[in-house]
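Hi everyone, thanks for making time for this.

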Amino acid sequence: MTFDTDRRATGNQPLDGPIDDRMDVTTKGLTPVAVVGTLAEFRPEPTPYDLVALVDFVRTIGPDLLCLDMTLEQWRLRDFGGLPPEYRDALLPLAQQTDIVVVPIGDDARADGLTAVDATTSGPAGPRRWLFDRLRAAVASLQRGAKSPVAVDRGARHWMAELLYHLMDWLSGAPAMHRGSTLHGAITHREALAERVVELARRDTGRRILVVVNARYCHYLRRALGRHSEVKLVRYAEL
Amino acid sequence: MTGTAGAAAEVASLLPTVGVVAVLLDDATMDPDAAAALVSATNGLGVLAVLDHIDLPTVVPLLKAGVIGCLPADSPTSDLVRALVAVGRGEIALPPSIAARALAELARPVGLDRRATNELSEREHDVIHLLVRGQTNKDMAQALFLSVRTVEAHLRSIYAKLGVRSRTEAVLWAVRQSPDEGGRE
């Protein structure tokens with residue numbers, strides 16, 4: 001199985017005891033959130049997805065709320081055809097069979113039409129593009145090489161992937177990005193993802209939220225969510 | 001026959017097994033719960049309450065408790081006899097001055113409780129609207145993008161505010177509150 005996972009509680013201590021009884025976290029006004037990254041970014045490549053393992057993984061966690069990067073319109077219309085197989089063939093059917101509630105956190109207003117597939121072709125041009133592609137291949141290799149979620153979750157593999165994603169952002173010129181560019185759309189999109197998770201955490205305080213998104217958004221989401229005092233960012237195993 | 005008794009069961013035990021069709025209660029402070037217990041214990045006999053003061057707040061709860069006749073304590077004997085005969089037949093016996101208003105109050109749907117409606121939060125209104133449409137807790141949670149446990153918590157709160165004990169009672173309350181609810185999409 002190959003998907004990236006959140007692996008740290010940024011700036012927060014681990015939860016004390018099980019979260020099953022909402023009382024403890026509610027009185028503290030905290031909502032436990034874990035972020036899991038799929039390899040949707042690398043979907044055009046022949047990645048051997050193990051969807052059964054993904055289903056078992058999420059079923060075992062049994063979150064109250066499952067945030068997916070899809071639009072409200074897609075959800076309402078049940079228009080799942082363009083979604084990644086992790087969503088379409090694994091997580092949405094799982095939610096239908098369980099008490100897990102799906103919450104679409106995708107950006108309805110996203111005008112650039114950026115999808116996980118588009119992301120593979122976005123990025124810088126020229127020499128930077130060459131380096132960008134090498135880094136991206138390195139991230140893909142690292143994540144594919146993990147034998148389990150736990151393997152992805154530990155040690156140098158995680159830190160290296162995080163560093164590479166930061167470098168890829170830098171090479172893409174994220175800080176000086178022009179509005180309307182494809183990558184600007186990606187940045188706006190990941191900000192929207194974070195905002196919607198925080199809004200959900202405020203609206204349903206204390207419930208266990210699992211966010212499953214493209215791996216390329218994970219490092220940003222972890223940082224963004226960790227900045228909100230009402231969110232308790234946890235490892236998926238602690239959710 | 002006449003006598004004094006404390007609990008409803010005691011009253012019932014004093015009654016002969018045959019030949020009794022009505023029970024007259026002379027209790028100035030008749031409590032609706034006690035009246036309901038008595039109605040239940042006397043197994044369908046007509047119960048007539050004699051009260052010091054006859055007014056809607058006193059009479060309506062007693063009628064809801066199953067008492068079918070109320071009479072002021074200073075009523076003439078002839079009125080008392082007529083009332084006893086009436087309740088013995090299962091008819092409602094009320095002073096004309098209050099009968100129409102009391103029956104109108106009884107005829108009102110139970111759910112027309114604006115105070116309870118106002119006590120419901122906006123989210124609880126959303127939940128009960130979905131409840132009336134026959135949705136499961138998961139359906140409601142998914143529709144509102146809330147966890148199932150949160151919906152369950154809202155339901156418990158709704159039950160408490162409406163004074164109902166079950167999903168069915170809550171639905172009945174909502175349908176009475178707004179008859180169109182049942183058919184709304």
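This is a predicted model: local features need pLDDT of at least 70, side-chain atom pairs count only at pLDDT 80 or more; totals for chains, interfaces and linings use all residues.

Who makes the contact? From helix 7 of chain B we have B:Arg123, B:Glu124, B:Val127 and B:Ile128, and from helix 9 of chain B come B:Val151, B:His154, B:Leu155, B:Ser157 and B:Ile158. Sorted by type, the residues of this contact are five nonpolar, two polar and two charged.

For the complex, the predictor reports an ipTM of 0.72 and a pTM of 0.60. Chain B has a mean pLDDT of 77, with 74% of its residues at 70 or more. For chain A the mean pLDDT is 73, and 62% of its residues reach 70 or more. Please be careful with residues 1-27 of chain A, where pLDDT stays under 50, although the model has 71 contacts for them beyond four places in sequence. Residues 175-181 of chain A are also below 50, and that stretch has five contacts in the model beyond near neighbours in sequence.

Back to chain B, and now as a whole. Chain B contains ten helices and three strands. Reading from the N terminus, the order is α-β-α-β-α-β-α-α-α-α-α-α-α. Of its 185 residues, 26% are buried. Among the contacts in chain B with a separation of 6 or more, 58% join residues 24 or more positions apart.

Which of its residues are buried? They are B:Val59, B:Val60, B:Leu62, B:Leu63 and B:Ala65. Just after helix 3 of chain B comes B:Gly66, with a positive phi of about 115 degrees.

In the loop between helix 7 and helix 8 of chain B you'll find B:Thr136. Is B:Thr136 buried, exposed or partly exposed? It has 13 C-beta neighbours inside 10 Å, so B:Thr136 counts as partly exposed. B:Thr136 and B:Val148 are twelve residues apart in sequence, and their C-alpha atoms are 9.7 Å apart in space.

The next loop, between helix 8 and helix 9 of chain B, holds B:Phe145. Most residues other than glycine have a negative phi. B:Phe145 is not a glycine, yet its phi is positive, at about 55 degrees. B:Phe145 is partly exposed, because 18 other C-beta atoms lie within 10 Å.

Nine residues from chain B and nine residues from chain A take part in the contact between the chains. On the side of chain B that touches chain A, the elements giving two or more residues are helix 8 (137-144) and helix 9 (148-162) of chain B. That side of chain B divides into four nonpolar, three polar and two charged residues.

So, over to chain A. Here we have ten helices and six strands. Chain A has 239 residues, and 41% of them are buried. Of the contacts in chain A with a separation of 6 or more, 84% are between residues 24 or more positions apart.

What about the largest nonpolar core, and how many residues does it have? There are 57, and those with the most contacts inside it are A:Val33, A:Leu66, A:Cys67, A:Val197, A:Leu210, A:Val211 and A:Leu221. Helix 10 of chain A, residues 215-226, gives the most to this core, with seven residues. A second, separate core has 26 residues, including B:Leu51, B:Ile54, B:Val60 and B:Val87.

Let me pick out A:Cys67 for you. Leaving aside neighbours within four places in sequence, A:Cys67 is in contact with A:Val103, A:Ile105, A:Val197, A:Leu200, A:Ile209, A:Leu210 and A:Val211.

One last stop: A:Arg78, in the loop between helix 3 (72-77) and helix 4 (85-97) of chain A. A:Arg78 has a positive phi near 55 degrees, and it is a residue other than glycine. With 8 C-beta neighbours inside 10 Å, A:Arg78 counts as exposed.

Methods. Residues are numbered from 1 along each chain as its sequence is written. Chains are lettered from A and ligands numbered from 1 in the order in which they are written. pLDDT is the predictor's confidence in each residue, from 0 to 100. Two residues are in contact if their C-beta atoms, placed from the backbone, lie within 7 Å. Helices (H or I, at least four residues) and strands (E, at least two) are DSSP runs, numbered from the N terminus. Ala, Val, Leu, Ile, Met, Phe, Trp, Tyr, Cys and Pro count as nonpolar, Asp, Glu, Lys and Arg as charged, and the others, Gly among them, as polar. A residue is buried if 20 or more other C-beta atoms lie within 10 Å of its own, exposed if 12 or fewer, and partly exposed in between; C-beta atoms are placed from the backbone. A nonpolar core is a set of buried Ala, Val, Leu, Ile, Met, Phe, Trp, Tyr and Cys residues joined through C-beta atoms within 7 Å.
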